[in-house]
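User: Could you take a close look at how one of the ligands is held? I would like the contacts, the surroundings and the cut-offs behind them.

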Amino acid sequence: CVCALLHTPLSCLFPSDLAGVRERTLIAVKPDGVQRRLVGQIIQRFELRGFKLVGLKMLQVSEDLLSRHYSQLTGKPFYPDLVKYMTSGPVVVMVWEGYNAVQTSRAMVGLTNPADAQAGTVRGDFSIHVSRNVVHASDSPEGAQKEIQLWFQGQELLNWDCCYHNITCEL
Ligand SMILES: Nc1ccn([C@@H]2O[C@H](COP(=O)(O)OP(=O)(O)OP(=O)(O)O)[C@@H](O)[C@H]2O)c(=O)n1
Ligand SMILES: Nc1ncnc2c1ncn2[C@@H]1O[C@H](COP(=O)(O)OP(=O)(O)O)[C@@H](O)[C@H]1O
Ligand SMILES: [Mg+2]
């Protein structure tokens, strides 16, 4: 721990805002992202940003899981097409942990409609249409907790120590 090397208590480096250091968010590479071989690049962005991967799997999504994941969208006109899209092939779903993970991940992913997503975001760099926008990212800490419980069993998530933990803002 660099903190120990510096003989500096962590509280000196991060004086007051430690609440969000172990925040977790759910990111899914949607079927179009998997088909287009974008999984590696998406994982790399989260690793390079400083987040820690604590869960990862590939699966074929069931309509039941999807309807629970997108429960607020089931009445939308595009929902049937959304189901076709999301069940058209495997998705890669992961849980990333770190300071302010939800908000920062949303910023990295970009706005829902790729036409509005800034260049430099996943959607802004890799997609052009809202119905094929490559990734999902939880949009609130509460939503993230629900989604993580929906997609992962507790034992599929690993607490592991990162040797750079004070640099990446972990406790
Ligand atoms: N007119 C629309 C609106 C949404 N969608 C799809 O439905 C998903 C869920 O919409 P929403 O939750 O509003 O967007 P985001 O939160 O940005 O996307 P996600 O929940 O997948 O992260 C979108 O990503 C998109 O794939 C769509 O195909 N057509
Ligand atoms: N108007 C739309 N037309 C087609 N698909 C949409 C539309 N709005 C949202 N979607 C799809 O539904 C997904 C979930 O929507 P939402 O949760 O609102 O956005 P986000 O994915 O950014 O969290 C979006 O990512 C997108 O794939
Ligand atoms: Mg959403």
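Analyst: Happy to! In this predicted model, an oxygen atom of ligand 2 is 2.8 Å from an N or O atom in the side chain of Asn133; a polar contact here is a pair of N or O atoms within 3.5 Å, and within protein one must be able to donate a hydrogen and the other to accept it, with residues adjacent in sequence counting only if both atoms are side-chain atoms. Taken alone, ligand 2 exposes 520 Å², of which the protein buries 75% (accessible areas by the Shrake-Rupley method with a 1.4 Å probe; for residues, only the protein chains shown count as cover).

The residues around ligand 2 (a heavy atom within 4 Å) are Lys30, Tyr70, Leu73, Phe78, Leu82, Arg106, Thr112, Arg123, Val130 and Asn133. By class, this shell has five nonpolar, two polar and three charged residues, where Ala, Val, Leu, Ile, Met, Phe, Trp, Tyr, Cys and Pro count as nonpolar, Asp, Glu, Lys and Arg as charged, and the others, Gly among them, as polar.

As for ligand 1, a polar side-chain atom of Lys30 lies 2.6 Å from one of its oxygen atoms, and one of Arg106 lies 3.3 Å from a ligand 1 oxygen.

On conventions, residues are numbered from 1 along each chain as written, and chains are lettered from A and ligands numbered from 1 in written order. Local features need pLDDT of at least 70 and side-chain atom pairs pLDDT 80 or more, while totals for chains, interfaces and linings use all residues, and side-chain values use heavy atoms, leaving out hydrogens and water.
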